[in-house]
Amino acid sequence: MLANNRIWTKGNLTFWSWNDRLEREEIGRQLGEFKRAGLHGVFLHARGGLQTPYLGDEWMEAVAWAVEEAKLLDMEIWLYDEDAWPSGFCGGKVPGEGERFQQKWLCREIVEPARLRLTDRSLVCYIRDGEEGKWRQVAPEEALNAASQVLHVYYDVNPYYTDLLYPEAVAVFIRHTHEKYKERFGQEFGRTIRGVFTDEPQYAVGQWPWSKSLTAAFEAGRGYDLLSALPALWFEQPDTAKIRHDYWQTVTKQFVSSYTAQIGLWCEKNGLCFTGHMAAEDTLLFQMSQIGAAMPHYEWMQMPGIDHLGLRLTRPVLIKQAASAARQLGRKQVLAETFGCSGWGARFEDLKWIADWQLALGINVQCQHLASYSLRGARKRDYPPSLSPHQPWWPHFDLFNRYVENRQNRLTAGTSAADILIIHPITSAWCLYEPQRPHAVRELDRRFGGISQLLLDMQREFDYGDETLLSRYGEVEQGRLKVGGCRYSLVFLPALYSLEKSTFELLRQFVEQGGTVVSAGEYPSHVEGEPSEALREWCEVHVKRIMPTYKAFEFVLREMPSLYRLADEAGRPAKDIIAHHRRTDDEGTLFLFHARRDPGLRKLALTWDGACEVWAVDALSGKRNVQSVAIADGKTRHTFTLGPGESILFAAKRLPEAAPVAEERLERKGLRSSFELGGAWSLKHQVLNALTLDRCRYRLAGEEAWSKPLDVLHVQQLLVSRRERLDIELAFSFCVHPDLACRQGLILAGEDLRFCRISLNDLTLPLQTEGAWLDASIEKAEIGPYVRSGMNTLVVHRVFEGRMEHRYLDDSGAFETERNRFVHKTELESLYLLGVFETAARPSSTWSPLQNLVEAQVEAYEIRPQRTHYRIDELTSQGFHFFQGTLSLEKEIEWDGRGQSAWLRLQEPTACVISVDVNGTSAGRLAWGPYEWELTSLLNPGVNTITIHLTGTLRNLLGPHHHYSGDPYFVGPSTFQGKKGWEDGVTGYVHPDITWVERYAFVPFGTGYSPVLEIRYEVHEEEA
């Protein structure tokens, strides 16, 4: 066990994607931006598109620049241990040292002896025993001369990745990576450089892992020869469950020992924090297919971590595994790589929803995925969003980071109140795992996740007990099951097939000392894969068996009263609300998160044990607002409301003996008048708008015929398939309204403009690029003087380099170590028209509030003059289809000066950040609900001007525009290309192979509904 249990980071960190040529000035500039946004540090993440050789001299200089600048800014530098991912191959150097270091897996064939071909990779042969039909190990000579079919077992090799079960291979990885950083920056270890991130290390996905170290480890741990038992992995035999259990236990222990423990101990010795996450932590099946088990790895990470992707919440298992191990082992911080794949349209409200869920389950450090150094080419589609200065909302990002950091600090202090332990079923999965028949393991997983969610719905906190960790740190003490620093009075068994011997013994001792064990599924019937009558009989006598229902759990838990109880106003259970309760010496903290996002407030009642003073703690200011409570019968009760997707944090402090107190209702008699501020709002000032030109016709230079209109990315795919150097022409079209005066101020923006020859309406342009827009790679050039009314055709003449001179591959057969680093030499991208205009989709553009989409059927886009007035509820469909930035709209209202208070309210706005001014004075900015601004002190009797500033995202500019689902919540490269990818499979739905549709899909942008001004009037008693 690692000894170092310190606080490693001060707050939020970002995955800084180093994905282009690294330059000193740009590194310093971006670090300064991160500091201003409230981030405390960065992970230096080599990623696809990197043009500075990984770990070369230039790379080390870039790291030195980052360290130097971070010291000046009081920021943290965190290393990333790989060239892209998965970790362990050092950009190809480790597998490049020979086959013994390369990833391996078992293969088998049943052949006639005459067709048997033995090679250097052959491991063992078997023939069937005539009497019992079992496979019997034989010498190679006997196999070649056998009278019946032979089972030939051999291994195959992945030359691009490392055998992480082989300690010597991992030692080579450490030597090439960690030791190289130590040689250059060792003096900064534990200071500016805080730790190392590992990313998705794995064995051969979905295979039966093999390593030259496995046979010795198996015999040492299980006491018999693995090679003699291999057929039982694939063919049902009386001892199949036991041998599968022993095999997977050995694989898991070997992986942990060889990789995670070796690196964790190296980091501890060198004053660094080992963090990151394993591959495929989510489900039992995923863990079996890539890592064996997640929780044993966390023992060797100073800051255990997980990977949570997509604009979604998943099962609690993912986070609870890491958070449980961290609590038990005394780790103070748990990291989540998060927000990746959420898409360019993710708003702060979405990020907060995800962050609150993670906080409620035990995450207290964010690794924000990701901040792109560059958006050149395919980098725009690298599992967006990029949480970086490219975003129009970037000046407001400090708001989100301050919120999260304040909540993290509150939920790190003190100790968790978890008193329930659920035995993790991974060892049962070891016994039952068959890649081609996964139903049994899926059923274990379903039930495991089900009881976890059930306890969360009851606001009962719990941890998981991994049996490997239980065998190392479990003991029974004074009637409680102790795991490291945690103690539990109730143990739940989900549906289980098998238990470890050590777990069975612990549970026996636990029950003997008065502990309670409850089963919410079938009793386990095996011990380490072997049938056990003793276990079955013991369960029948000592384990309570219940149905996995709310009422059954409530009945069992009645003997474990909670320090608080949450219900709706009618006293019914408050489901879909997750609680995280922490205790310090003088007070308790209770964080409540409403996981559902469907409309409607929840009116809730919270009852505390004992007489308490209760405050609601504001996350941004830290201000404590005293709650009106009722104290009676040794309980403290108060009521509050919680909106969809919202959270609240209460602090409670015990009072000395207190007399009963009736709850003070703060609602006073009064009247409310609400005024809908609908209709037209004035555009405060004209804004720079954009039109994304993503469709073109193409031809090879010298040809006369043009292709049909295609998306630029599809043209890229067609040209790449030729694997040639080509001279090409791309023709883009757009229409200009006759009333648009664009002789000046119409800008063409695009990548590689200086290397292209561009003509407009058959006139070659004397193009001069001036500065950049959005990203340093996107150049700008004035084209206004050459544009005409009506249809315009812009032709780009350029070279396309399609020859593959480097070793990176771009096909489905390439291993992900290669795909994740790959970029094409030539990257065709959309062009952008910039100017003061509106966009009009011809023939149609329709806003569908029910689908929350603006859909456009487009033959051509027209640009036309901006109007002076717009509806404020939805602006995308009014000429801002591709807009990114801030729109400011204003409206004059009259107020008679009467009223106790005035409030402006918005319902379901679709902007990312919203700021409100009254008569030029700020009323504040909000990025999540409730969207309410008090205007009382800002309004004057008479005419007032209310200005609403709406800041959006990059979603409508960068897409995806053509995915059949409209606005997918899990986004990656395939989402933009129109072919089903792994990103679609993650959602759990059945998707078509071709996900591309011709219509454009945009997200709405505005206030959602018309703003409402509410005036409250106090009514005196004589008026009532």
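**Exercise 1.** Which residues are linked with Arg672 in a network of salt bridges?

*Solution.* The network joins Arg672, Arg905, Glu932, Glu1014 and Arg1016. The criterion for a salt bridge is a side-chain nitrogen of Lys or Arg within 4 Å of a carboxyl oxygen of Asp or Glu. Searching the whole structure gives 73 salt bridges.

The model is predicted: local features need pLDDT of at least 70, side-chain atom pairs count only at pLDDT 80 or more, and totals for chains, interfaces and linings use all residues. Residues are numbered from 1 along each chain as its sequence is written, and side-chain values use heavy atoms, with hydrogens and water left out.

**Exercise 2.** Locate the salt bridge partner of Asp20 and state where both residues lie.

*Solution.* Step 1: Asp20 pairs with Arg379, with 3.8 Å between the closest N and O atoms. Step 2: Asp20 sits in the loop between β1 (13–18) and α1 (24–36), and Arg379 in the loop between β13 (365–372) and α13 (397–412), so the bridge ties together parts 359 residues apart in sequence. Helices (H or I, at least four residues) and strands (E, at least two) are DSSP runs, numbered from the N terminus. Step 3: Asp20 and Arg379 are buried. Buried means under 20% relative accessible area, exposed over 50%, partly exposed in between (1.4 Å probe, protein chains only).

**Exercise 3.** Are Glu33 and Arg36 buried or exposed?

*Solution.* Step 1: the two form a salt bridge, the closest N and O atoms being 3.8 Å apart. Step 2: they are three residues apart in helix α1, about one helical turn. Step 3: Glu33 is buried at 19% relative accessible area, whereas Arg36 is exposed at 58%.
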